[in-house]
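Subject: Structure handover

Hello,

Please read them with the model open beside you.

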Amino acid sequence: MTNAAYYLTFTYAVERRKTLAPIDGQVFLLANTLVLFVVLFSKPLGGWLSDKVGRRKMMIGLTVVMEAVIYVALREMMFGSPTWFVLGQSLMAVPIGMALGLQGAMVVEIFPLRTRVTSMSFAYSITLALAGGTAPLVSSWLIEHFHNPLVPAYYIMAYGIIGLAIMWPMGETNTRSLDR
């Protein structure tokens with residue numbers, strides 16, 4: 001969900017909004033650049049908090065938050081003023097940044113030492129290709145089929161539900177020794 005939501009928020013929304021806006025599209029590119037600093041500063045916060053609270057708990061919580069705000073955030077990005085565009089992106093920037101900040105450690109900790117690099121690389125690449133890589137194609141198809149620029153939010157929510165189903169039975173990883 002994190003990778004698909006990242007694409008939707010910081011690529012799709014910006015490009016789509018530039019085409020819908022009666023004003024100069026450069027304002028949305030500038031806004032996007034500024035909000036990406038929010039993502040940047042949210043990453044260490046997510047990593048630090050996941051050390052304290054637990055990566056599984058944090059990722060489940062962040063997934064629920066993204067599920068709750070994605071539709072409203074996307075609506076503001078698509079139809080709001082430039083200020084509301086920034087607020088919509090910021091609603092997603094914090095949980096996405098925090099999730100990205102803990103995601104690397106969580107994925108590494110899932111696998112045993114002997115196969116860690118290969119397993120992590122394979123798992124991450126496959127999920128990134130399936131979720132993030134298909135997001136532009138699926139989003140375009142959904143919009144064309146349903147004639148609604150907000151329908152990709154439901155696509156992201158579907159990934160969130162899949163992620164929650166996968167994470168729910170998982171054990172906590174942040175207390176696990178990495179040398180085994």
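The count of aromatic pairs comes to four, where rings of Phe, Tyr and Trp (its six-membered ring) pair if their centres lie within 6.5 Å, and planes under 30 degrees apart count as stacked, over 60 as edge-to-face and the rest as tilted. One of these is the edge-to-face pair of F28 and F85, at 4.9 Å centre to centre with 70° between the planes. F28 belongs to helix α2 (residues 26–53) and F85 to helix α4 (residues 82–110), so this pair ties together parts that are 57 residues apart in sequence. Helices here are DSSP runs (H or I, at least four residues), numbered from the N terminus. F28 is buried, with a relative accessible area of 0%, and F85 is buried at 0% too; buried means under 20% relative accessible area, exposed over 50%, partly exposed in between (1.4 Å probe, protein chains only).

The rings of Y155 and Y159 have centres 5.0 Å apart and planes at 70°, so that pair is edge-to-face. Both residues lie in helix α7 (residues 152–167), four residues apart, or about one turn of the helix. Y155 and Y159 are both buried.

Before going further, some notes on the model. It is predicted: local features need pLDDT of at least 70 and side-chain atom pairs count only at pLDDT 80 or more, while totals for chains, interfaces and linings use all residues. Residues are numbered from 1 along each chain as its sequence is written, and side-chain values use heavy atoms, with hydrogens and water left out.

A ring also takes part in a contact with a charge. The charged end of R56 sits over the ring of W168, 5.7 Å from the ring centre (the rule asks for NZ of Lys or CZ of Arg within 6 Å of the ring centre and within 35 degrees of the ring normal).

Next, helix packing. Helix α1 (residues 2–20) and helix α3 (residues 55–79) pack at an angle of about 5°, with their axes 11 Å apart. That makes α1 roughly parallel to α3. Axes are lines fitted to C-alpha atoms, for helices over the stretch in contact, and angles run from 0 to 180 degrees between N-to-C directions. Angles under 35 degrees count as roughly parallel, over 145 as roughly antiparallel, 65 to 115 as roughly perpendicular and the rest as oblique. Among the residues that meet are L8, Y12 and R16 in α1 and M66, I70 and E76 in α3, where contact means heavy atoms within 4.5 Å. By class, the contact of α1 with α3 has twelve nonpolar, two polar and three charged residues.

How do α1 and α7 pack? Their angle is about 155° and their axes are 9 Å apart, and α1 and α7 are therefore roughly antiparallel. A4, A5, L8 and Y12 of α1 make the contact with P152, A153, I156 and Y159 of α7.

Two residues of helix α4 remain. Q89 is found in this helix and is buried, with a relative accessible area of 0%. Leaving aside neighbours within four places in sequence, Q89 is in contact with T9, F10, V14, A31, N32, V35 and M77. A99, also found in α4, counts as buried at 0% relative accessibility. With the neighbours within four places in sequence left aside, A99 is in contact with T2, M59, L62 and M66. The C-alpha atoms of A99 and N3 are separated by 9.7 Å, although these residues are 96 residues apart along the chain.

Regards

Methods. Ala, Val, Leu, Ile, Met, Phe, Trp, Tyr, Cys and Pro count as nonpolar, Asp, Glu, Lys and Arg as charged, and the others, Gly among them, as polar.
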